[in-house]
Amino acid sequence: MDIILQIGVVFAVCLAGELVSALLPFAFPASVIAMLLLLLLLAAKVVRPDRLGQVSGFLLDNMPLFFIPACVGILKYLDALLENLLPILFICIGTTPLVFFITGHTVQLAIRWMDKKEGRKDA
């Protein structure tokens with residue numbers, strides 16, 4: 001029964017994200033709203049991370065399956081992608097190092113912040 005409760009919590013947060021997205025006067029992705037809602041619930045300790053461990057582990061283990069519909073949908077627009085292949089490759093190759101750089105510095109800042117919060121001076 002515990003796994004059903006965990007799935008229910010995840011689906012309830014997703015449903016709340018859809019409702020908030022529908023009520024907003026501007027377009028905003030419901031999935032992003034749902035992630036922010038879940039973050040708020042976790043930060044406020046309304047939901048404990050260990051209470052969602054099984055379902056989050058299952059979803060992470062099976063994440064590649066969730067990309068199959070999107071990849072099949074992209075095939076519908078293959079001709080448009082091929083027409084713009086060089087700009088797409090330029091953007092991908094240009095932004096990948098930028099994403100690595102920003103992610104690396106963000107992780108370093110987070111580690112420093114956590115070390116400072118714990119009072120460690122060796123960092």
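## Close-up views of a helical chain

**View A. The side chains of Asp50 and Arg48 meet in a salt bridge, 3.3 Å from N to O.** A salt bridge here is a side-chain nitrogen of Lys or Arg within 4 Å of a carboxyl oxygen of Asp or Glu. The model is predicted: local features need pLDDT of at least 70, side-chain atom pairs count only at pLDDT 80 or more, and totals for chains, interfaces and linings use all residues. Residues are numbered from 1 along each chain as its sequence is written, and side-chain values use heavy atoms, with hydrogens and water left out. Asp50 has a relative accessibility of 54%, so Asp50 counts as exposed. Arg48 reaches 47% and therefore counts as partly exposed. The classes are set by relative accessible area: buried is under 20%, exposed is over 50%, and partly exposed lies in between (1.4 Å probe, protein chains only).

**View B. Arg51 and Asp2 pair through their side chains in a salt bridge.** The N to O distance is 3.4 Å. The pair ties together parts 49 residues apart in sequence, because Arg51 sits in the loop between α2 (30–43) and α3 (53–61) while Asp2 belongs to helix α1 (residues 2–23). Helices (H or I, at least four residues) and strands (E, at least two) are DSSP runs, numbered from the N terminus. Arg51 is partly exposed at 35% relative accessibility. Asp2 is partly exposed too, at 34%. The structure holds 2 salt bridges.

**View C. Lys45 has a positive phi although it is not a glycine.** The angle is about 60°. Lys45 is found in the loop between α2 and α3. Its relative accessible area is 69%, so Lys45 counts as exposed.

**View D. Ala80 lies in helix α5, which covers residues 78–83.** Relative accessibility is 35%, so Ala80 counts as partly exposed. Asn62 is 18 residues from Ala80 along the chain. The C-alpha atoms of Ala80 and Asn62 are separated by 30 Å.

**View E. Pro87 is found in helix α6, residues 85–118.** With a relative accessible area of 44%, Pro87 is partly exposed. Pro87 and Leu41 are 46 residues apart along the chain, and 41 Å separates their C-alpha atoms.

**View F. The whole chain, for orientation, comes to 6 helices and 0 strands.** Read along the sequence, the pattern is α-α-α-α-α-α. The C-alpha trace spans about 55 × 45 × 35 Å along its principal axes. The radius of gyration is 20 Å, whereas a compact globule of 123 residues would have one near 14 Å. That radius is taken over C-alpha atoms, and the globule rule is 2.2 Å times the number of residues to the power 0.38. Buried residues make up 9% of the 123 residues. Among contacts (heavy atoms within 4.5 Å) with a separation of 6 or more, 45% join residues 24 or more positions apart.

**View G. The surface of the chain exposes about 10,400 Å².** Carbon and sulfur atoms supply 76% of this area. Accessible areas come from the Shrake-Rupley method with a 1.4 Å probe; for residues, only the protein chains shown count as cover. The chain carries 9 positive and 9 negative charges, and their mean positions are 13 Å apart. Lys and Arg count as positive and Asp and Glu as negative, while His and the chain ends are not counted. Each charge is placed at NZ of Lys, CZ of Arg, CG of Asp or CD of Glu.
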